[in-house]
Amino acid sequence: MEFISITGASAVLPSTDALWTQEIPVVMKRRDPRIWQMAYVAAQRCIAQCLARPASIVVATALGALDETKNFLDGVFLDGFGSPRNFIASVHNSMAGKLALEFKIPGPNLTLCDGNNSFASAIAACGLLSENDFPALVIAVDENIELLDRLIPHLSPECGRELCNNKLEGAIAFVIDGKPEEHGLLIRSSGVLFIGDENPDVAFTSALPPEINALPRMVIPPSKSRGSFISAATLAHEFMVKKASGGAVIGSFSPSSKSIGLVELCR
Amino acid sequence: MEQLIDTLKKRIIASLKLSDVSPADIDPDAPLIGGPLGIDSIDTLELLVLLEKEYGVTVPDVKVGRAVFASVRSLAGYIEKNRVKA
Amino acid sequence: MAAVAIIGMGALSSAGAGAAAGFAAVCGGRDGLSKLDAFESGLKTVPLCSCIRDVPGEKAAPNRTAALALCAAREALAPLIDRHGLALAIVSATTVAGMTRSERFYERLRKDPAAVTEAARELAYHEPSALSGFLCEALGARMFYSLSTACSTGLHAVGMAKRLIERGGCDLCLAVGADALSLLTLRGFSSLMLIDPSGCKPFDKTRAGISLGEGAGALLLASDKAVARTRARPLAYVNGWGASADCHHMTAPHPTGEGARRCVLAALLEANLRPADIDLIATHGTATPDNDNAEIAAMRSVFGVVPPFCSMKRTLGHTLAASGILEAVFAVCAMRSGHIPPTAGFERLDEAIGCAPSEYRETPVKNVLKNAFGFGGNNAAAVFSRERAG
């Protein structure tokens, strides 16, 4: 896969950014699900940084609109009436659809649901777009709800480990351009790799791409990126914001699909 | 009928999550759908759920629904005529 | 120029197990719907759906969707006896994934909070990615993508698999789509008043909604190198893929089919074909008043005179994420055998649409267009041809 460049980046992390709700449009605020709101604000912030409007959208989400799914089922099981609005939002690609609607993004609209590897999968999917599908808006978004808190201690040990900091919910947005820019931040991923019962860190090390230009490189194995579904995207965003030189390779592990993801960044 | 209209206003506000609207703000004769409250076609479906859940009233299809939802008053009228639950 | 060949196909639906059986049902215009009895719908009027009686391997699989996917995948891989050292990638398409199990678990959990101790077992395969992992393990695949874009997913999976091969990411890629019937989707579509309980009537004057279905489809795609090395026989070629967003409404299509038009044009452009080169359109044709109207409006805006078209939704039901691939399999079968399939469920012309699906007939088909449109105004189109792109 070729490198593609990041021309804009933003993050909405409610746990550290209490003011993000002020950027939610009034109409969205009262009716639209929180996960849509997070994605919207992140997209808005990111698009504002870029000259060209995105032509396509790629969303990375592990569980989608969990709250809406739960609310829909609650309606069905409680008194036999599921809310249509809850159902619409519960479909995995509802965030991508809403963003296309709000920001008038007419091109390809993809949603990758690869658990903790969703961000790697989405970046790799960008590598499959056509030239005129760029710039692409890439958003990694997942939400935490009380039900998930209740379930996590009872999930498999691997899943529990991966979601040890699952309160880290939010939306991380990038605007990606197809052409590698000379002085920008470059990113690429070859997607998600099935590893079976192999140790994720060992598999990650075997899959490490060769170093580029002997630049210093930060390597974050899956065991160091765990915590929440958006960890990998959050780390990529941090790397970009810190303006660190050199490169980074960020690994992730999804126990439910026994697979790892790998995202490579460099300047 | 006026009491039903009052109750309906409150239920509409709750069901459609119109949190910045109070019952006094709703003109019972103003258009519901596409009117000042910003109710869209998906809201219409929510209102159909509301009708069935609270009053046991069903609307045969969305087209009839649009006539029924012409205003809060027309909605109250339809419920009075067809309600199954008290 | 490099080509992406289809060297294997798989299908499982209420129309039958296997691509051949399913295609016979499609060509016979069979009504594949029956009254839902697999589970309690909770609806006053139990709708007609397409339900599969026996899903092979369901007990051994983590959930019904996974079992469906594996059946179709295995059939598509069957012609490839020896991979000759080539790696296999998978692009999976699903909306339901493990929800059939998750929703039952959640129902229990609501009544009995102590059931939370079973979460590990019940939710292990909830996610789309878990389906992909299961398939990789069963089929010896290494790289995968898990797509979920509602009813357009299957066709996007085919498009992504095509691109993956074209860009040199792999030589063999399986695009597999599967969705099982679930309470969530049934009650969900019902709450949107999109279901016609008496059975869907695609393009018919009196059409009133969809009929849900379950099933799986799979296409095994191969690069030139893979075809040469394995000496596989190309069944057809994937020559074009288009993707677009309506930017209009979360569930209803753009009334003029503007987004659909753009993605069909993109697919034609990539396939290096003119509209006149398309011999058959395997439509999305879900039988909602809006979709069928908008879809033909879009086709008219692309083709002028709309080529022969069909909808398979009465025979197969609307299999959601699977539909794009499952119906593509039968579209390719139609192309290979030289038939325009009939459209079960259609009886009377809708003057507002202005044209009717074709009757069954034999005729050479060199290029077929497949459409798939999903929630959120998500559009996909693909062109399949007997020859490589010119």
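Modeller: Chain A has 267 residues and a radius of gyration of 18 Å, which agrees with the value near 18 Å for a compact globule of that length; the radius is taken over C-alpha atoms, and the globule rule is 2.2 Å times the number of residues to the power 0.38. This is a predicted model, in which local features need pLDDT of at least 70 and side-chain atom pairs count only at pLDDT 80 or more, while totals for chains, interfaces and linings use all residues. Residues are numbered from 1 along each chain as its sequence is written, and chains are lettered from A and ligands numbered from 1 in the order in which they are written.

The C-alpha trace of chain A spans about 60 × 45 × 35 Å along its principal axes. Eleven helices and nine strands are found in chain A; helices (H or I, at least four residues) and strands (E, at least two) are DSSP runs, numbered from the N terminus. Of the 267 residues in chain A, 60% are buried, a term that requires 20 or more other C-beta atoms within 10 Å of a residue's own, with C-beta atoms placed from the backbone. Among contacts in chain A between residues at least 6 apart in sequence, 78% join residues at least 24 apart, a contact being two residues whose C-beta atoms, placed from the backbone, lie within 7 Å.

As for the backbone, the peptide bond from Phe134(A) to Pro135(A) is cis, its omega near 0°. Pro135(A) belongs to the loop that lies between α6 (118-126) and β4 (136-142) of chain A.

Methods: Buried ≥ 20, exposed ≤ 12 C-beta atoms within 10 Å, placed from the backbone.
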